[in-house]
Amino acid sequence: MTLPGLENSLPRKLLLVDDDVTYCTVLAQALSRRGFEVSVANNVNDAIQMIAQNLPTHAVIDLKMPGPSGLTLVAYLKERKSDARIVVLTGYSSIATAVEAVKLGATYYLAKPADADEIVAAFDHRPGIAEAAIMTKPMSVDRLEWEHLQKVLTDCGGNISAAARTLNMHRRTLQRKLQKHPAPERGD
């Protein structure tokens, strides 16, 4: 229990995990200016070692990195600190991975590029907003295909070959489709 008024004086230890070194450097500086003690790791294995040495209160985790997925790290951190505030960042956003990240304990899920203010706001996100906008227009075929491919890939643990077999598709065809991002949905 903390004394009233001291909640904000407790150290906010943030672990930033992303394989993009330049992005980490810029984001770490911006988050430090916002009152966080920032530690940086560029892969899941280094992050796990850092968590063992200094348990963070907050984390910003990239979804797709060489080696294990950022989702692995979300689950690992939540096992060790159930009240950790975790924001998952990705340049490969899909409904399937967003749902999986939240199921594993992420506080919020943001598509890159996300700035420091968006990340700080995401830490304070509370689930279940009744006023959330409801999409009235169906998704485009390209978007539906992208979401389905991402879900199957997630179900196959990120294994492209297994996902291609599941989809009855050649592996290279799947890789090409995954590299193409569908046009953003228009709000008209």
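## Cores and charged pairs in a predicted model

Below we look at the nonpolar cores, then the cysteines, then the charged pairs.

**The nonpolar cores**

- The largest nonpolar core has 22 residues, and Ile61 is one of the members that touch the most other members, together with Leu15, Val17, Leu73, Ile86 and Val88.
- At least two residues of this core come from each of these elements: the strands β1 (12-17), β3 (58-62) and β4 (85-90), and the helices α2 (44-53), α3 (70-80) and α4 (95-104).
- Helix α3 gives the largest share of this core, with five residues.
- There is also a second, separate core of 18 residues, and among its members are Leu14, Leu27, Val60 and Ala116.

**The cysteines**

- How many disulfides does a search of the whole structure find? The search finds zero.
- As a reminder, a disulfide is a covalent bond between the sulfur atoms of two cysteines.
- Cys24 has a relative accessibility of 2%, so Cys24 counts as buried.
- Cys156 counts as partly exposed because its relative accessibility is 21%, and the cut-off for buried is under 20%.

**The charged pairs**

- Side chains of opposite charge can pair when their charged atoms come close.
- The structure has three salt bridges by the rule used here.
- Arg34 and Asp117 form one of them, with their closest N and O atoms 2.9 Å apart.
- Which parts of the chain does this pair link? Arg34 lies in the loop between α1 (21-33) and β2 (36-41), while Asp117 belongs to helix α5 (residues 116-123), so the pair links distant parts of the chain, 83 residues apart.
- Arg34 is partly exposed, at 31% relative accessibility, and Asp117 is partly exposed too, with a relative accessible area of 47%.
- Another salt bridge joins the side chains of Glu79 and Arg80, at 3.0 Å from N to O.
- Is Glu79 buried or exposed? Its relative accessibility is 62%, so Glu79 counts as exposed, whereas Arg80, with a relative accessible area of 40%, is partly exposed.
- Lys81 and Asp83 also form a salt bridge, and their closest N and O atoms are 3.0 Å apart.
- Asp83 is exposed because its relative accessible area is 51% and the cut-off for exposed is over 50%.

How values were computed: Residues numbered from 1 in each chain as written. Predicted model: local features only at pLDDT ≥ 70, side-chain atom pairs only at ≥ 80, totals over all residues. Heavy atoms only, no water. Core = buried A, V, L, I, M, F, W, Y, C linked by side-chain atoms within 4.5 Å. Buried < 20%, exposed > 50% of the residue type's maximum accessible area, 1.4 Å probe, protein only. Helix = DSSP H or I, 4+ residues; strand = E, 2+ residues; numbered from the N terminus. Disulfide = S-S within 2.5 Å. Salt bridge = Lys/Arg side-chain N within 4 Å of Asp/Glu carboxyl O.
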